[in-house]
Amino acid sequence: MLIYFVSTIGNDHWRQSFSLEKNLLAESAEVLNVYGLTSSLFVINSFRPQHGNSLTWESGKESLLEYVQAHVTESLRGQSNDRDVEVIILFKGSCDYTWEQISLLKNLRDFTLNRGVARSGQIGVHYSIVMDSLDLKDIVQKFNTNVSAGLESVQDEIDRKILLSKFFAYSSQFEQGVSTALENGTFPIHSSNHVMVVGGGGREHAITVSLLKSPLVRRISVCPGNFGTHLLGKECEKTPGAAQCGNVSIAADDLAGIVCFAREQQVSLVVVGPEQPLVDGLADMLRQEHILCFGPSARAAQLEGSKAWSKEFMARHGLPTALHRSFTDCAEAEEYILSAPHELVVKASGLAAGKGVVLPASKEEAVQTVRAMLLEGQLGGAGREVVVEQRLAGPEVSLLAFCDGRVAVGMPAAQDHKRVQEGDLGPNTGGMGAYAPSPLLSPDQYSRCLAIVQRAVDGMAREGRAYEGVLYAGFMLTREGPCLLEFNCRFGDPETQVLLPLLARDSDLFAIMLACSHHSLPVSAS
């Protein structure tokens, strides 16, 4: 493997940048050696004289591509090799690109896409481009055109893709579209290897545990985290070569603080655990800064943020759910309750931390519940609107799915224990434990539930609210078939703690989340 480190930055910062990059590339060489491959690093710049493996390119004489091709030919002259050679052109820039440089990048992009495999004698040469994500963001912002859209590596063999994914995991960070190097090549890797997990519960601990298993992750910051994630960091410190992990004193509702940290620390991916930051628009704020986020936009998070809106959405798209009405006027709600011919459930429309659902034992209790929410403000803003719906009979299960805006890929069905007392009695809680996979769903029922989730994702896309992240669907298994109770816009807690350990050993949660963020989950996976 021949690696050309192209520095377009000035003298003052060149040495520091190259020193850092060289260390990262040295780590990459160790990974390559495991596969019996070797790599050579050459540095190209126009600011310094040649030194060691440093090359000087004079842009007035020839294009960078011509310069690299000539050097590759010279380096391979007289060699015979039964294995093709990878040539990686690695850019580190000044975030101040000119039109001339952008034109050069376009030429390199076209070359890698259209002529990615060249020949040098009897040796095949595969060209790839890696760029610093900050440079790509600067290009997008400065020239208002995503010229990075085609900066893709041309990979043909699965083994080479796996190998390059490991190499890129230890090299400089790069933006979407730069590489299709993971096993099936269906989505690009974005890798500064720094992941930020937002939240401080058991769910976020489980997410962090799973992310630490990814060879692509080198650092995890949990905001604010908990004692469990703090202990994970201590364990990582004891393990040579393990990713770093630690808590950061930023509250989950400090949206500006989260965005600032992610920007300054060059976070590759932000994984949002709780629903409130998503409903408040954290994913939108991150994407405005060109920071990848695993979680839906505020408009898409309305599926959980407003049960009234969610029920209307189900009705618009023919998704099976209970008979229901929404109310902001207490008198109207009481009249509906007293005239309803069936048992009822009362739900606060807004977010109530899993405690906004009441199963009244009588119509009188239902009326008292509505009064407490609408008139007495028992649940604050969450109870300013209520949903009164038919109470369904049957076992309840949860189906969570990874979504990329187009495709829903289901996880095993789970069941949590909601009511506070033995015998499934007492008030509902946010969940008092869970297990998975649930035996309640037959293969046919699972397929029917997943088809309903896919129809929801399709409906959100048609309404301009493309859903990215985890979509949690709560189902009641009635005699008539699966019926939707609610949607949540994030991983469930405590379901996450029992679902993520069930990921196949060769599955990579970080890679799955990137695929969701890049709208590139494999369609066949659904």
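Two strands count as paired if DSSP finds at least two bridges between them. Helices (H or I, at least four residues) and strands (E, at least two) are DSSP runs, numbered from the N terminus. The model is predicted: local features need pLDDT of at least 70, side-chain atom pairs count only at pLDDT 80 or more, and totals for chains, interfaces and linings use all residues. Residues are numbered from 1 along each chain as its sequence is written, and side-chain values use heavy atoms, with hydrogens and water left out.

**The sheet**

Five strands form an open sheet with parallel pairing, in the order β9-β8-β7-β10-β11. At the edges, β9 (244-247) and β11 (292-294) each pair on one side only. From one strand to the next, the twist averages 20 degrees. Strands β7 (residues 194-199) and β8 (residues 219-224) are joined in the parallel sense over six bridges, and Val198 stands opposite Cys223 in β8.

Axes are lines fitted to C-alpha atoms, for helices over the stretch in contact, and angles run from 0 to 180 degrees between N-to-C directions.

| Helix | Strands touched or crossed | Angle |
|---|---|---|
| α7 (residues 227-238) | β8 and β9 | about 150 degrees with β9 |

**Confidence**

The pLDDT, the predictor's confidence in each residue from 0 to 100, averages 76 over the chain, and 63% of the residues score at least 70. The mean is lowest in helix α5 (residues 158-170), at 37, and highest in helix α11 (residues 302-305), at 98. Over residues 8-18 the pLDDT is below 50, and this stretch has 24 contacts in the model beyond near neighbours in sequence. Where pLDDT is low, predicted coordinates should not be read in detail.

How values were computed: Contact means heavy atoms within 4.5 Å.
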